[in-house]
Every structure is written in structure tokens, then in C-alpha cells.
Amino acid sequence: MAKRWSKAPILSHYSSEGEGNGRGYTDPSTGLKYPSVTTVLKMQDKSGLVQWAATKVAEKIRDRPELAMGDPDKILNSFQYAHNEFRDDRAWVGTGIHEYIQAEHEGSWDYPELDSEQFRIIEQWEKLNDVFEIEPIFTELTLLNEQAETVGTADGIWRMRERIGGDWFTALIDIKTSRKTHPEHMQQLSVLAMSDWMFIKVEEGVDGAFEFTYTNTETRKKVKSYWLKTRMVDFEKVLIIHLREDLYDVIPVVDQDIHYDDFLCNRKKWGNMQELKLREKERNE
């Protein structure tokens, strides 16, 4: 089985979902902590996923009927989290693809081990590169939106053009390997596109850099890193690069103002939830 990569952005930190906080980020210049864009998007109405989760449980029962026999408690343990297993498998697929493209663009040769599905997705990536010439400007870029009080990571800012007769343009990019794109993807890209600041990892000694110490997930050792906080650069387009085993697509994010307003509504819900938890904790002390 291919190695499961789980490399998180260096500036990120994580609180368990049981606490309702999820992933957050630290601004190395101030020490302030912000929720991640994807954490805020958990506030998005996903009532449609109830049927999806039920289907995934039913599919596991179909595929593993032997587990549906015998001790009822074992049956419960075998099937109640089937939908989460599928979700985590899909996340693993996407992580490997992101790490592969990042290694390719950075020239690091730090490629992950891929399984057969991921190889087929990379074949679609290569087809896209046959159509588009791509020059990465930034890769895995952490962004702060001050109005939304949220931090997230985009997959890059690239210069692109169609190889046959195309003009160069600059685009903020996010890569998706889901079966289809969703409204929350549009919200995610819209809030990142309207960010104010970029955090750029640099070497020690760079003038104006801020030090940030993090724990290496493999060695569990503390590591010092250094970051510049700079104003967001200009770009002309916001694009989702959609990659699946059977297709590639380049999807422009339009109606960004509406998607951004939707995100701010979710940010308000998330902030209210945190405030209610804080008040409840204070009452119980």
C-alpha cells in the first residue's frame, strides 16, 4: 500500500473536533491564532450528506456481508463509521496528488509513493500540462484575510497560458480531487482570493523575517522556521484545477462576492459557537 502522507502546513495547529475548533493557524508576526478556512466551512449546511453517509454504510454492508452476521455490537462497530473511512480515503488520495505536484514544481524530488488511482490522476495532470504551460510563482501559499479573521492555504499562484495561441495570465490556484466540485470550494477560493497578507517561508537571517517554532510530525522535535509577512500579490483569475482518474478541468471561480458573503455568514456562526462555549465554561468554573 502506498504511504499515507499527512503533511500539514507549518503554521497550522490542530484542536480535536470534539472541542469544535478543528484546524487553526498562527500569525508568526503577532502570535495571534485564527481558524482555518476549512474549519469555518464546517458551519456550512451539509444536510444533503445524510443520504451520502447512509449510502456508504449500505455499500460496506453489501461488500462485506460477513461482517453483518453475528454479535450486534460488533456489527455496530463494523459499520457505523463506514462513511468516515471513505472520506479519509478520499482525503488521502488528494494529499498524495498535492504532494506530487508540489514536489514537481519545487524541483525537490520529494515525491510521495502513489497507488494506482493516484497514478491515473497524475496522468490527467500530465494531459493538462500538454494543453497549458504553467510557471509556478508560489506553491502552498498560506494567506490571511483580516476582515474574515481567517487563514487558509492555496495550492499556488501560477502564470499560465494555453500552449496554442494563449496569452499569459496569473491565477490563484487550488487543486481538487473530489468527484465533483461543491459550493464550499467556491467559498474557500473566494475568501483566499480576498486575503490581505501572504506568509512566505524563508531562510534564517532574511531581513524582516519572523521566527516560528513548530513540531516536526515525523521526528516530534521542535524546529525553528522563518517567515516574511507580505501584502497579497495581484492576479487576474481564480481557478480550481479539478483532477480525477477520468478527467481534468480548469474551473474559474465566478460570483466571488456572493460566495465571500456566504463565507462571512459561516464565520459569524463559528465565532458565535466559540463564544457560547467560552461562556458555558466560565459558568461551570
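Reply: The model is a predicted one.

At the N-terminal end, α5 is capped by D115, which places a side-chain oxygen 3.2 Å from the backbone nitrogen of E117.

E117 is also one of the buried residues of α5; the others are Q118, I121, I122, Q124, W125, L128 and N129. Viewed down the axis of α5, the buried residues fall within an arc of 155 degrees, so they line one face of the helix. An α-helix has 3.6 residues a turn, so residues three or four places apart point the same way.

Next comes the sheet. Eight strands form an open sheet with mixed pairing, in the order β8-β9-β7-β4-β5-β6-β10-β11. Its edge strands, β8 (210-215) and β11 (248-252), each pair on one side only. On average, neighbouring strands of the sheet are turned by 40 degrees against each other, direction ignored. Helix α5 packs on this sheet and touches β4 (132-145), β5, β10 (237-243) and β11. The direction of α5 makes about 115 degrees with that of β4.

Within the sheet, β5 (residues 150-162) pairs with β6 (residues 169-176) in the antiparallel sense, over five bridges. In this pairing, I157 stands opposite L172 in β6.

I157 is also a contact of P136, a residue whose place is in strand β4. Leaving aside neighbours within four places in sequence, P136 is in contact with H105, I157 and W158. P136 is partly exposed, with a relative accessible area of 31%. The C-alpha atoms of P136 and D155 are separated by 10.0 Å, and the two residues are 19 residues apart along the chain.

A further helix, α6 (residues 183-193), lies across β4, β5, β6, β10 and β11. Helix α6 runs at about 140 degrees to β6. H185 has its place in α6. Because buried means under 20% relative accessible area, H185 counts as buried at 11%. Leaving aside neighbours within four places in sequence, the contacts of H185 are K176, S178, K180 and I240.

Terms used. Residues are numbered from 1 along each chain as its sequence is written. This is a predicted model: local features need pLDDT of at least 70, side-chain atom pairs count only at pLDDT 80 or more; totals for chains, interfaces and linings use all residues. Side-chain values use heavy atoms; hydrogens and water are left out. Buried means under 20% relative accessible area, exposed over 50%, partly exposed in between (1.4 Å probe, protein chains only). Helices (H or I, at least four residues) and strands (E, at least two) are DSSP runs, numbered from the N terminus. The arc is that of the directions from the helix axis to the C-beta atoms. A polar contact is a pair of N or O atoms within 3.5 Å; within protein, one must be able to donate a hydrogen and the other to accept it, and residues adjacent in sequence count only if both atoms are side-chain atoms. Two strands pair if DSSP finds at least two bridges between them. Axes are lines fitted to C-alpha atoms, for helices over the stretch in contact, and angles run from 0 to 180 degrees between N-to-C directions. Contact means heavy atoms within 4.5 Å.
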